[in-house]
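Subject: A structure for you to explore

Hi there,

I am handing over a structure for you to look through. Please open it first, and then read my notes below alongside it.

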Amino acid sequence: MDDPYHNNDGYPYQTDYPQQDEDAASDATEGADEDDQMYEGEYQGIPHPDEIKEARRAQQEEEESLPEQYETIMEDCGHGRFQWTLFFVLGLALMADGVDGFVVGFVLPSAEKDMCISNADKGLLGLLVYVSMMVGALVWGGLCDKMGRRKCLIYVLTIDLVFSFLSCFAQGYGFFLFLRFCSGFGIGGSIPIVYTYFTEFLQMDKRGEHLSWLCMFWMLGGLYASFTAWGIIPHYGNHFSIIYLLFLYLSILLCVCGFQNARHDEAWMILRQVHDTNWKAKGEPERVFTVTNIKTPQTQEDEFIEIQSDTGTAFQRWTVRKMTMLQQVMANVMSLSAPELRLQGLFLVIVWFCMAFSYHGLGVWFPDMIKYMQYEEYESKVKVFHRERVERFHFNFSLVNQVHREGEYIHDKFANIEIKSVKFEDSLFENCYFEDIKSTNTFFENCTIKNTVFYNTDLWQEKFKNCQMENTTFLHPKKGCHLNFLEENDIVIYLVSFLGSLAVLPGNIISALFMDKIGRIRIIGGSMLASSACTFLLLLSFSQGAVICWQCLFYAVSVAAWNGLEVISVELYPSSKRGTAFGILNGICKFAAIVASFIFAAFVGITKIIPIFLAFAALVCGGLVALRLPETREKILS
């Protein structure tokens, strides 16, 4: 008997459907056969292509909902004690970076005193520190996206602490360079980590303002370094480095105690702690954290679970983990060239380079120009003595800023005096006695020295150029350069650094108050274009006071651009690439500083038009390109 609901082949159909012709029926049944047939791959455990598409679509929708979910949670947590605690702890780490940026220039005279390094060697030390900080930013920026912000920040501060401490006891210049390179490698990674870490605990309407307040700690580091150097180095010399280390001890202690673990499987606990800490401090401890589930993407640790189980020994597991991490960091770097990130990344690179080139270039030019003006003023007051003959005379007073040409000194005694910036040319010293002499920038050129004794002096072979010596004795020569800190390290240079750091304060405050009101792009572009106008005022600087004045004005105006750049750089990139991108941008900043320091320093004493024009052109170029960047003040972090 025929079933009224099935055809002869056993396929169901509705009896009230109208009659179809043979071809139409064939088409209909053909389609039904394809839909109802068993997918061949199912026997092999292979998902159906439609299932794969559906899973990908669901994952994409889930990932797109993550930023909105996280932003909603942060708004529910509020802004309070937790963020302010993190603000001060991270601020100390940023302050350590600011100190490190200034400390080399301030302790160089200490190294020069102990190691007698030349100007070329001093330049090499400054270059090496910038190179190490550039490498540190690139490496640690990438690692913090894989290892975690807190862990990497503790690592970089510890590295800086250890090698800075060891550098205080370095005896050889080569070893000192190595230790400073390692120290710079550590602290160079702090800036990318600090900004990315703090950003991820801020809600959208608070990010611009509070990241700008955080920038102020770098200025405080500069103030601390310059003020401490001003008060201590003239009296205690290289003990300044020890005091600097005390600050780093405090930074690392607070970092270790204050930072939170951010493992993804503990995200709910961390955000609940943020919520409870803030509302308890506000007097509402009864507020309940209503979030019960947080969608979190798979992280590095999830992928390591399989690796740890599949490998044998601990060393094999460690090797596989590290190689896998290296591959993923490199993949993260390469992903920044994706089409959706390529254009904005190029614009950011240009703006960062232009800003760093002009800022650090003028930062080198300002103190060097002041030193050159001091040198010119000093040279204009030099006393010249020509063909003087001094016999059986006791020099018991200091000789300062003098030139003696074709003089004759017979049976003279130079004892317990300081000789500073003195040059003896084509002169004769016969039967003379030098005892307890301390000299700076003093030379003997084309002189004849006969039957003369140098006892306990710092006059050695390098001080005598093309001199003829007959029966001359050097007894108990002093070791080291024995610079006079009070005079050799001009207090004006410390004052310049201090005032330059202090001038940043009003610009920092203004940019923080208006960052979320007028937007990042207007802040960056307006600040860079206004700074370019300030550079032209430098053409009117004909005295040390004028240079200091225009320097302070330039720093006050340009700091807003720095704040805007740091804010927009962490907002443009997703969390998985944020540290890597910021590390690359900060590395480019250090590279621009290296290039600028060479170029600007080369024109000191030659012309000031070229440095000023280069700074002006870079600022205008960077400011115009910055106007093409996307505005991020209403962007939810991805």
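This is a predicted model: local features need pLDDT of at least 70, side-chain atom pairs count only at pLDDT 80 or more; totals for chains, interfaces and linings use all residues.

As a reminder from class, strands of a sheet pair through backbone hydrogen bonds, and the pairing can be parallel or antiparallel.

Next, have a look at β8 (residues 433–440). Strand β6 (residues 413–425) pairs with β8 in the parallel sense over seven bridges, and here A415 stands opposite E435. Strand β8 also pairs with β11 (residues 453–455), again in the parallel sense, over three bridges. In that pairing F434 stands opposite F454 of β11.

Now turn to helix α7 (residues 190–199) and helix α18 (residues 575–602). Their axes come within 9 Å and cross at roughly 140 degrees, which makes α7 oblique to α18. The crossing is right-handed. Which residues make the contact? From α7 they are I191, P192, Y195 and T196, and from α18 they are R578, G579, F582, G583 and N586. Sorted by kind, the residues of this contact divide into four nonpolar, four polar and one charged.

**Salt bridges**

Side chains of opposite charge can pair when their charged atoms come close. How many salt bridges does the structure hold? There are twelve salt bridges in it. One to find for yourself is the salt bridge where the side chains of R387 and E406 meet, at 2.8 Å from N to O. R387 lies in the loop between β1 (383–386) and β2, while E406 lies in the loop between β4 (399–405) and β5 (408–410), so the pair ties together parts that are 19 residues apart in sequence.

Enjoy exploring, and write back with any questions!

Best wishes

How values were computed:
Residues are numbered from 1 along each chain as its sequence is written. Side-chain values use heavy atoms; hydrogens and water are left out. Two strands pair if DSSP finds at least two bridges between them. Helices (H or I, at least four residues) and strands (E, at least two) are DSSP runs, numbered from the N terminus. Axes are lines fitted to C-alpha atoms, for helices over the stretch in contact, and angles run from 0 to 180 degrees between N-to-C directions. Angles under 35 degrees count as roughly parallel, over 145 as roughly antiparallel, 65 to 115 as roughly perpendicular and the rest as oblique. A crossing is left-handed if the near helix is turned anticlockwise from the far one by less than a right angle, and right-handed if clockwise. Contact means heavy atoms within 4.5 Å. Ala, Val, Leu, Ile, Met, Phe, Trp, Tyr, Cys and Pro count as nonpolar, Asp, Glu, Lys and Arg as charged, and the others, Gly among them, as polar. A salt bridge is a side-chain nitrogen of Lys or Arg within 4 Å of a carboxyl oxygen of Asp or Glu.
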